[in-house]
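Okay, everyone, thanks for coming. Let me put the sequence and the model up, and then we'll walk through it together.

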Amino acid sequence: MTGERVLVAYASKNGSTSAIAGMVAETLREQGLAVEVLAVSEVDGVGSYDAVIVGSALYAGRWRPEAVRFARHHRADLAERPVWLFSSGPLDATAGELVLPPVAGVQRIADRLKVRGHVTFGGCLQDGARGRIARMILKSGRGGDFRDPERIRLWAHRVARELTREPATP
Ligand SMILES: Cc1cc2nc3c(=O)[nH]c(=O)nc-3n(C[C@H](O)[C@H](O)[C@H](O)COP(=O)(O)O)c2cc1C
């Protein structure tokens, strides 16, 4: 079934997670899905979507607070539809080499919403990033762009496949 409405809601401090959300959306659209990409703070409700993908950057072992709030606030509607989660963070190659489990807080959200899946993508920290610690990391040479567009698209493709082979909800 194509034409299903999918929301990709993201939380990003320095912009790299919003770009991942954009890549996910692009792949879903290529598969015939009707996709909206919005920052979690811009979403009024999820009731009009057939499926939702929620993604957030990781900071100090947690999702961005607005993403956690989003999951809590829309809990009832999210629990009634297919949901996938993604986290973006590691500033090294590990996300592509290992299956990185969700951090504890995200695992709790995953359990509560009975999500279809979660994936951790590599992160990105580049000049201009906000925050004292971000600047320290950059100064010590541990920044960089560890996003892997191929892996992001593959994951989105699998999500699209699951959605397009399911009958639409009445
Ligand atoms: C202060 C700070 C704390 C971070 N903490 C984590 C972390 O706990 N786990 C992780 O995987 N990445 C961590 N990162 C890396 C970010 O998640 C990564 O840079 C991410 O791509 C940022 O996304 P954004 O550009 O959407 O804000 C941290 C980065 C900074 C600057």
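So, to start: what percentage of the 170 residues in the chain is buried? It's 44%. Bear in mind as we go that this is a predicted model.

Now the overall build. We have seven helices and eight strands in the chain. If you box up the C-alpha atoms along the principal axes, you get roughly 55 × 30 × 25 Å. And look at how the chain contacts itself: of the contacts with a separation of 6 or more, 79% are between residues 24 or more positions apart.

On to the inside. Which residues touch the most other members of the largest nonpolar core? That core has 24 residues, and the ones to look for are Val6, Val8, Val24, Leu28, Ile53, Phe86 and Trp155. Several elements each put in at least two core residues, among them strand S1 (5-11), helix H1 (16-30) and helix H7 (149-164). Click on valine 6 for a moment. Skipping its neighbours within four places in sequence, valine 6 has contacts that include Leu28, Ile53, Tyr49 and Leu163. There's also a second, separate core of 22 residues, and Leu38, Val40, Ala71 and Leu78 are in there.

While we're on H1, have a look at serine 16, which lies in that helix. Is serine 16 buried or exposed? Its relative accessibility is 13%, and the cut-off for buried is under 20%, so serine 16 counts as buried. Leaving out residues up to four places away in sequence, serine 16 touches Cys124 and Arg147.

Alanine 60 has a phi near 50 degrees, which is a positive value in a residue other than glycine. You'll find alanine 60 in the loop between S3 and strand S4 (62-63), and it's exposed, at 81% relative accessible area. Lysine 114 also has a positive phi, near 50 degrees. Lysine 114 sits in the loop between helix H5 (104-113) and S6, and at 69% relative accessibility it counts as exposed.

Conventions: Residues numbered from 1 in each chain as written. Predicted model: local features only at pLDDT ≥ 70, side-chain atom pairs only at ≥ 80, totals over all residues. Heavy atoms only, no water. Helix = DSSP H or I, 4+ residues; strand = E, 2+ residues; numbered from the N terminus. Buried < 20%, exposed > 50% of the residue type's maximum accessible area, 1.4 Å probe, protein only. Contact = heavy atoms within 4.5 Å. Core = buried A, V, L, I, M, F, W, Y, C linked by side-chain atoms within 4.5 Å.
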